[in-house]
Amino acid sequence: VNVTGGPRGGKIRVCCRNTGLVKELSVSQPKYEFEMAETPISVASCPVGDISPITVTSSGRWSVVSSKPSWLTVSPASGNGSGTISLTVADNGNESSREANVIVTCVDYPQWTKTVKVTQSGHVLNLDKSALEFDAFESVRTFGIETTGPWVIDNVPSGFTVNPMNGDGSYSGITVTASVNTGDARGGRIRVKCANTELYKE
């Protein structure tokens, strides 16, 4: 196996002992290859579809040997010869970022490994107001959402309506309408929730 240096080769010469007639046979052998770019990959908190694949250039067998967190899917986990590894990342429902290492090893020469770090940003969900105050008669107030993905409003107190109730990405003009209040003072909390996670703000 040629694991050092570059391609190698030469000629095998066959001589006729009695006549001096010579024939040559050319031989060549490429170097055993195992290459993979180790460029870090950054992913949004709510990725759409697969992220950039990892390309493996190999003369033989390879395997993904790193521990695989539940939020990162690697396919295929092994191969023979050159190929690509697809990565699928689930939505990050936390506000903190998270990381994982995809480590690929050469099966024939386990001392050869390549590593790609995958970093997924945390989910952003902020409201531009902490409270809204209304008059006793019918009135309208607005607030905005800063977020990195789809959102839904899943709790509205009685006597109030909200429009829109869902969206995708930041939205600055959400209206809250209070109907005329002829009874006791009233209030409550409007809850904004990330559509695909348990993260919410009130």
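The open sheet here has four strands in the order β3-β5-β9-β7, and their pairing is antiparallel. Strands, for this talk, are DSSP runs of E with at least two residues, numbered from the N terminus. Two strands pair if DSSP finds at least two bridges between them. In general, strands of a sheet pair through backbone hydrogen bonds, either parallel or antiparallel.

At the edges of this sheet stand β3, residues 34–36, and β7; each has a single partner strand, so one side of each has no neighbour in the sheet. On average, neighbouring strands of this sheet are turned by 20° against each other, direction ignored. That angle is taken between axes, which are lines fitted to C-alpha atoms, and angles run from 0 to 180 degrees between N-to-C directions. Three bridges hold β3 against β5, residues 51–58, in the antiparallel sense. Within that pairing, Glu-35 is opposite Thr-57 of β5.

A word on the source. This is a predicted model, in which local features need pLDDT of at least 70 and side-chain atom pairs count only at pLDDT 80 or more, while totals for chains, interfaces and linings use all residues. Residues are numbered from 1 along each chain as its sequence is written, and side-chain values use heavy atoms, with hydrogens and water left out.

Next, strand β6, residues 61–64.

β6 runs antiparallel to β8, residues 78–80, and three bridges join the two.

Now the start of the chain. Strand β1, residues 8–15, is joined to β2, residues 22–29, by eight bridges, and the two run antiparallel. Cys-15 sits opposite Val-22 in β2. The two strands form a hairpin with six residues between them, and Gly-20 in the turn has a positive phi of about 85°. How many of the eight residues of β2 are buried? The count is zero, so to speak a strand that is hardly covered.

There are also cis peptide bonds to look at. One joins Ser-75 and Pro-76, with omega about -5°. Pro-76 is in the loop between β7, residues 72–75, and β8. Another runs from Asn-163 to Pro-164, with omega near -5°. Pro-164 belongs to the loop between β15, residues 160–163, and β16, residues 166–168. For background, most residues other than glycine have a negative phi, and most peptide bonds are trans.

On to aromatic rings. The structure holds three aromatic pairs. One of them, Trp-151 with Tyr-171, is edge-to-face, at 6.2 Å centre to centre and 70° between the planes. The rule is that rings of Phe, Tyr and Trp (its six-membered ring) pair if their centres lie within 6.5 Å; planes under 30 degrees apart count as stacked, over 60 as edge-to-face, and the rest as tilted. This pair links distant parts of the chain, 20 residues apart: Trp-151 is in β14, residues 150–155, and Tyr-171 is in β17, residues 171–178. Trp-151 is buried, at 1% relative accessible area, while Tyr-171 is partly exposed, at 38%.

Thr-175 is also in β17. At 24% relative accessibility, Thr-175 counts as partly exposed. Its C-alpha atom is 8.9 Å from that of Gly-144, which is 31 residues away along the chain.

Last, the largest pocket. Its space is about 470 Å³. Of the 21 residues lining the largest pocket, Leu-132, Phe-134, Phe-160, Gly-188 and Ile-190 are the closest to its centre. A pocket, on a 1 Å grid over the protein atoms alone, is an open set of points where a 1.4 Å probe fits, with protein on both sides within 12 Å along at least five of seven lines; lining residues have an atom within 4 Å of a point. The volume is the space filled by probe spheres set on the points, with grid points joined across faces, edges and corners. The lining divides into eleven nonpolar, five polar and five charged residues. Here Ala, Val, Leu, Ile, Met, Phe, Trp, Tyr, Cys and Pro count as nonpolar, Asp, Glu, Lys and Arg as charged, and the others, Gly among them, as polar.

Note on methods:
Buried means under 20% relative accessible area, exposed over 50%, partly exposed in between (1.4 Å probe, protein chains only).
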